[in-house]
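Hello,

Here is the structure for you to look through. My notes on it follow below.

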Amino acid sequence: MESPELQLPNDEAVRAYQTIVRRHPHIGPRIEWFWGHREFPEFVRKLLLDTRDGTRAGFSWEVVKAFDVLQKVHDEAYPQYAVDWSDIWDKWCERHHEQK
């Protein structure tokens, strides 16, 4: 899989990418690698969801919003790879609510 050059179409997307890289520089090359590929949505999902049984510290709200911007930009640029995560978020909310 060759990664295309990261092409961000607007200032909001550029700022979102810079926000992520400023706080988590090790993630920048991974964003660049997955950008434009069908794996990008899953890459973002795995970063945002705790897959380490609660040992992951999590991201600041600013970084979560930046990921949301990049995901939306990616979905618009590569609609063939867009994924509807609403069902996944519904399941997360149900599980989270049950744990309280």
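**What was found**

V73 has 7% relative accessibility and therefore counts as buried (buried means under 20% relative accessible area, exposed over 50%, partly exposed in between, with a 1.4 Å probe and protein chains only). This is a predicted model, where local features need pLDDT of at least 70, side-chain atom pairs count only at pLDDT 80 or more, and totals for chains, interfaces and linings use all residues. Residues are numbered from 1 along each chain as its sequence is written, and side-chain values use heavy atoms, with hydrogens and water left out.

V73 lies in helix α4 (helices are DSSP runs of H or I, at least four residues, numbered from the N terminus). Not counting residues up to four places away in sequence, V73 touches P9, A13 and W35 (contact means heavy atoms within 4.5 Å). Its C-alpha atom is separated by 9.5 Å from that of E12, 61 residues apart along the chain.

How do α1 and α4 meet? Their axes come within 8 Å and cross at roughly 135 degrees (axes are lines fitted to C-alpha atoms over the stretch in contact, and angles run from 0 to 180 degrees between N-to-C directions). Residues in this contact include A16 and I20 in α1, and A66 and L70 in α4.

The largest nonpolar core has 20 residues (a set of buried Ala, Val, Leu, Ile, Met, Phe, Trp, Tyr and Cys residues joined through side-chain atoms within 4.5 Å). I20, I31, F40, F43, F67 and L70 touch the most other members. Helix α4 gives the most to this core, with six residues.

Regards

Key
Helix = DSSP H or I, 4+ residues; strand = E, 2+ residues; numbered from the N terminus.
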